[in-house]
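Subject: Structure handover

Hello,

Here is the structure I said I would pass on. My notes follow below it, grouped by topic.

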Amino acid sequence: MKLRHEPFWLDRLSASRRPSFPRLRTHLDARVVIVGGGLTGAATAWSLAAARVPVVLLEADSVCSGATAGSAGLIREDAEGAFAAHASLHGLRAARHMWQALRRASLEFPSALRRLGIRCDAARQDLLTIASRGSDTRALRREYDARRAAGVEARWLAAAAVRRDAGIEAVGAVKTDATAFDPYRAGIGLIAAAIKEGAQVFERSPVARIRPGRHKVDVTTDAGSVTADLVVIAGASSIADLRQLRRHLHPRDGYGVVTAQLAAAARRQVGPRTTALRAAAAADDTPRFVRWLGEDRVLVSGADQPPVPAQLRDRAVVQRTGQLMYELSLTYPAISGTAPEWGWSFRFDETVDGLPYIGAHRNFPRHLFALGLGRNGPAASWLAARILLRHIRGEPAKGDDLFDFSRNLH
């Protein structure tokens with residue numbers, strides 16, 4: 001079976017059924033211009049347009065076809081990394097507020113998708129963060145205790161409960177809530193909803209320059225331009241005018257794999273197939289996510305590494321696909337021998353503390369940012385959209401500033 005290198009969520013929707021938008025070839029005026037058409041840009045465009053804020057969205061490639069389509073499709077209630085580490089770095093009160101804000105966003109986002117009638121197979125699912133060795137269990141238990149002491153939602157599962165819920169052998173696990181969904185369909189659904197509210201969307205329109213002035217900001221593409229009151233940078237930190245921000249962000253290549261359909265014998269042995277898993281590999285300590293799909297397939301994502309040159313990307317995908325499949329077979333031995341059908345890579349940024357940057361930066365007037373959402377998942381995209389809307393309307397909520405760049409500038 002030949003490995004398909006297009007992300008699963010993108011490939012399952014034929015090219016003829018994917019939306020297409022024009023290239024920007026003129027000059028436009030708007031209140032806000034959004035640079036980046038992934039899930040964050042889509043959610044922000046809808047939030048602003050629904051609030052009657054004139055908005056233009058510019059995407060360098062095709063909307064939602066990058067990190068959005070490459071993701072695992074899990075709306076999680078927790079931040080990436082350890083709560084105890086965030087509390088140590090930023091203080092207990094700040095860490096608790098940021099984690100609780102992400103949890104609220106994880107509940108609000110699926111509700112908004114349902115309210116908008118966006119069909120993206122959204123369904124509630126338990127997520128187990130597992131420990132497979134005694135030393136891992138002690139660290140995971142300390143993390144659970146830190147969350148519980150701070151009032152951050154989490155439940156502890158002993159080995160018997162892990163075996164019952166996930167069909168695997170693990171010494172223990174932290175159980176949190178999640179929503180499994182199709183991130184690509186969710187993203188293009190939000191784009192469609194934003195257009196219905198008056199947003200203008202352009203693809204194949206990479207931004208070349210951003211020039212803020214006293215009253216306006218000019219955003220220039222290779223064939224057009226937009227003048228606006230504010231520019232929102234939603235994941236496009238590689239723009240030359242933003243190179244000062246690179247010290248705050250670390251680019252990574254992530255990988256995803258979807259298996260061929262499991263044989264009947266394997267399906268009988270792997271347990272209930274209703275729970276998603278998160279684990280860290282001993283080799284690199286980066287998270288792996290496992291979730292069950294329809295048609296008796298399994299999706300695995302993770303094995304992140306520093307960016308790979310373009311000419312080596314296909315080789316890296318093949319290598320990381322094999323690695324993820326091997327690790328999957330260690331967790332579920334019955335899957336051993338099942339072939340991968342999709343294997344792909346996607347690029348994202350992570351921050352120095354693992355939490356996203358959302359808000360203003362003192363050195364960039366007329367800019368707002370939503371960067372480094374990476375491993376924090378779709379809940380961070382929705383949270384960013386709501387924080388940015390409040391900022392633009394001049395109605396910030398208590399604690400919104402905790403997500404801006406100032407937390408790591410001292």
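**A buried histidine**

H367 counts as buried because its relative accessibility is 4%; buried means under 20% relative accessible area, exposed over 50%, and partly exposed in between (1.4 Å probe, protein chains only). Before going further, note that this is a predicted model, in which local features need pLDDT of at least 70, side-chain atom pairs count only at pLDDT 80 or more, and totals for chains, interfaces and linings use all residues. Residues are numbered from 1 along each chain as its sequence is written, and side-chain values use heavy atoms, with hydrogens and water left out.

H367 belongs to strand β17, residues 367-371. Helices (H or I, at least four residues) and strands (E, at least two) are DSSP runs, numbered from the N terminus. The side chain of H367 comes to 2.8 Å from the backbone oxygen of P365. Leaving out residues up to four places away in sequence, H367 touches I210, P212, V231, I233, L242 and A360, where contact means heavy atoms within 4.5 Å.

**Helix α7**

Which residues of helix α7 are buried? In this helix, residues 159-166, they are A161, V162, D165 and A166. These residues lie on the same side of α7, because they cover an arc of only 100° around the axis; the arc is that of the directions from the helix axis to the C-beta atoms. An α-helix has 3.6 residues a turn, so residues three or four places apart point the same way. The exposed residues A160 and R164 are on the face of α7 turned away from its buried side. Just after α7 comes G167, with a positive phi of about 70°.

**Nonpolar cores**

A nonpolar core is a set of buried Ala, Val, Leu, Ile, Met, Phe, Trp, Tyr and Cys residues joined through side-chain atoms within 4.5 Å. The largest such core has 80 residues, and V32, I34 and L190 touch the most other members. Helix α11 (residues 378-392) gives the most to this core, with ten residues. Apart from it lies another core of 29 residues, including L3, V162, V317 and L324. In soluble globular proteins, nonpolar side chains tend to be buried together.

I34 has contacts with G41, T44, A45, L48, V55, V56, L57, L58, V232 and A234, again not counting residues up to four places away in sequence.

**Strands β11 and β15**

Strand β15 covers residues 340-351, and nine of its twelve residues are buried. Strand β11 (residues 249-259) runs antiparallel to β15, and eleven bridges join the two; strands pair if DSSP finds at least two bridges between them. Opposite F346 in β15 stands G254.

V258 lies in β11 and counts as buried because its relative accessible area is 0%. Residues up to four places away in sequence aside, V258 touches F8, L293, R297, V298, L299, P340, E341, W342 and W344. V258 and S62 are 196 residues apart in sequence and 22 Å apart in space, C-alpha to C-alpha.

**From β13 to β14**

E295 lies in the loop between β13 (287-293) and β14 (297-305). E295 has a positive phi of about 60° although it is not a glycine, and counts as exposed because its relative accessibility is 52%. D296 lies in the loop between β13 and β14 as well, and also has a positive phi of about 60° without being a glycine. With a relative accessible area of 25%, D296 is partly exposed.

D304 is found in strand β14 and is buried, at 7% relative accessibility. The side chains of D304 and R375 are joined by a polar contact of 2.8 Å. Here a polar contact is a pair of N or O atoms within 3.5 Å; within protein, one must be able to donate a hydrogen and the other to accept it, and residues adjacent in sequence count only if both atoms are side-chain atoms.

**Cysteines**

How many disulfides are there? A disulfide is a pair of cysteine sulfur atoms within 2.5 Å, and by this rule the count is zero. C64 is in no disulfide, and the nearest cysteine sulfur, that of C120, is 11 Å away. C64 is buried at 1% relative accessibility, and C120 is buried with a relative accessible area of 2%.

Regards
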